[in-house]
Amino acid sequence: MELSDRKKLILQAIIDEYIVSAEPVGSRAISKKNELGLSSATIRNEMADLEEMGFLIQPHTSAGRIPSDVGYRFYVNSLMHRYKLGVEAIEQLQEELKGRISRLDRAVMKAGYLAAAMTDYTTVISTPVGEKTEIKKLDLVPISDDAVMLILVTRTVKSRVIKTALTADECLSMAQLLNSAFAYKTADEINYDVIHNIENICCNKLNIPPKEVINILHFVYESISELDDSEIYIENAKSILKYPEYRDVDKAREIFSFLEDKNNLKKLISGNDSEGIRAKIGTENESEILKDCSLVTVDYSLDGKAVGKLGVIGPKRMNYSQVFASLDLISNEIDKLIGYISSDD
């Protein structure tokens with residue numbers, strides 16, 4: 001969707017103002033605070049056009065507008081000014097990360113803390129993942145009339161007992177099907193969609209009640225998910241309460257509950273996205289709880305290969321320019337530090 005230069009300037013001015021004020025922005029505020037050389041009436045007409053085009057929203061009966069998710073996305077992709085971190089901040093960060101850190105997990109935790117301090121938002125960081133876990137074999141062994149043992153063989157052997165009434169023949173048939181689907185795949189290649197597809201195949205090919213199939217596959221998926229040996233750390237979760245968007249008690253409770261679950265956090269910053277710094281804005285996030293948030297992530301690397309991820313969670317009106325600049329600097333410094341630590345091992 002093409003925007004004229006004037007509309008771009010006005011949209012940029014509105015978003016810059018809203019990031020600071022958290023209040024709907026009116027035409028008079030823009031005409032006073034920005035040297036656009038435009039009258040309030042002209043700005044008002046352009047704002048009405050931007051609203052019709054989906055870049056702005058008029059909340060309630062307020063005369064002012066706020067950015068939509070589309071508006072924020074356009075801002076991040078096309079309008080955002082490059083934020084310049086001060087020399088003092090850069091030197092302080094470099095000094096903090098060098099200070100007697102010889103263990104990888106401590107370096108990662110420190111980086112998450114520093115990202116929270118530099119941005120004043122909640123940060124999430126994963127520790128480096130090791131060699132990807134490959135599934136060698138899956139077995140289902142009946143151990144009683146109403147219980148089956150699931151055995152998952154990778155570099156190690158994991159087992160768990162499942163309450164289900166499958167016969168020996170049914171266990172064998174299902175194990176064969178699961179092995180044909182999963183053998184020699186890595187754990188990160190087996191997601192919910194893959195499991196759901198196998199569920200349909202099992203129900204169609206095997207004479208096993210769907211309830212039993214779903215029960216077994218639930219535990220298979222859970223067991224495979226647990227193979228991820230990375231840790232995850234969160235910093236500055238309480239910062240959410242600073243922002244007016246989260247002053248509603250129920251809303252704050254919901255997001256705190258979400259952030260307390262490490263599985264949620266792992267899903268949040270997992271995935272092989274395109275390289276560089278990435279932002280998911282509002283409804284671009286998969287979780288409904290984060291529809292009023294933005295998530296900005298960046299990979300950190302060892303020998304040019306991504307081994308972990310750092311993310312910042314904040315309101316949609318976060319200072320994207322500052323967050324992008326901070327994450328870019330921190331990820332580069334972590335890359336160097338991980339290289340030093342790994343070469344000393």
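Reader: Which residues make the nonpolar surface patch of about 230 Å²?

Author: Patches are made of residues with over 30% relative accessible area and no salt bridge, where like charges are joined within 9 Å and nonpolar side chains (Val, Leu, Ile, Met, Phe, Trp, Tyr) within 5 Å. Accessible areas come from the Shrake-Rupley method with a 1.4 Å probe, and for residues only the protein chains shown count as cover. A salt bridge is a side-chain nitrogen of Lys or Arg within 4 Å of a carboxyl oxygen of Asp or Glu. In this structure, Val-141, Ile-143 and Val-161 make up the patch. Ile-143 belongs to strand S4 (residues 137–144); helices (H or I, at least four residues) and strands (E, at least two) are DSSP runs, numbered from the N terminus.

The model is a predicted one, in which local features need pLDDT of at least 70 and side-chain atom pairs count only at pLDDT 80 or more, while totals for chains, interfaces and linings use all residues. Residues are numbered from 1 along each chain as its sequence is written, and side-chain values use heavy atoms, with hydrogens and water left out.

Reader: Is Ile-143 buried, partly exposed or exposed?

Author: Buried means under 20% relative accessible area, exposed over 50%, and partly exposed in between (1.4 Å probe, protein chains only). Ile-143 has 47% relative accessibility and therefore counts as partly exposed.

Reader: How many residues of strand S3 are buried?

Author: In a regular strand, side chains alternate between the two faces of the sheet. Strand S3 covers residues 122–126, and five of the five are buried, so the strand is largely enclosed by the rest of the structure. Thr-122, Val-124 and Ser-126 are buried on one side of S3, and Thr-123 and Ile-125 are buried on the other.

Reader: Which strands pair with S3, and in what sense?

Author: Two strands pair if DSSP finds at least two bridges between them. S3 pairs with strand S10 (residues 305–315) in the antiparallel sense, over four bridges. Within that pairing, Ile-313 of S10 stands opposite Thr-122. S3 also pairs with strand S7 (residues 232–235), again antiparallel and over four bridges. There, Ile-232 is the bridge partner of Ser-126.

Reader: What surrounds Ser-126?

Author: Contact means heavy atoms within 4.5 Å. Leaving aside neighbours within four places in sequence, Ser-126 is in contact with Val-108, Glu-231, Ile-232, Ile-269, Tyr-300, Gly-308 and Lys-309. Ser-126 has a relative accessible area of 11% and is buried. A polar atom of the Ser-126 side chain lies 3.0 Å from the backbone nitrogen of Lys-309.

Reader: With which side chain does Gln-12 make a polar contact?

Author: A polar contact is a pair of N or O atoms within 3.5 Å; within protein, one must be able to donate a hydrogen and the other to accept it, and residues adjacent in sequence count only if both atoms are side-chain atoms. The partner of the Gln-12 side chain is the side chain of His-81, at 2.7 Å. Gln-12 lies in helix H1 (residues 5–21) and is buried, with a relative accessible area of 11%. Not counting residues up to four places away in sequence, Gln-12 touches Tyr-75, Leu-79 and His-81.

Reader: How many salt bridges are there?

Author: Side chains of opposite charge can pair when their charged atoms come close. Here the count comes to 16 salt bridges. One of them joins Lys-163 and Asp-146 (3.9 Å, N to O). This pair links distant parts of the chain, 17 residues apart: Lys-163 is in strand S6 (residues 157–163), and Asp-146 is in the loop between S4 and strand S5 (147–153). Lys-163 is exposed, at 61% relative accessible area, whereas Asp-146 is partly exposed, at 40%.

Reader: Which residue forms a salt bridge with Asp-299?

Author: The partner is Lys-309, with the closest N and O atoms 3.8 Å apart. Asp-299 lies in strand S9 (residues 293–302) and Lys-309 in strand S10, so the pair ties together parts that are 10 residues apart in sequence. Asp-299 is partly exposed, with a relative accessible area of 22%, while Lys-309 is buried, at 5%. Elsewhere, Arg-6, Lys-7, Glu-46 and Asp-49 are linked in a network of salt bridges.

Reader: Where is Asp-120 placed, and what is its phi?

Author: Asp-120 sits in the loop between helix H6 (104–119) and S3. Its phi is positive, about 65°, although Asp-120 is not a glycine.
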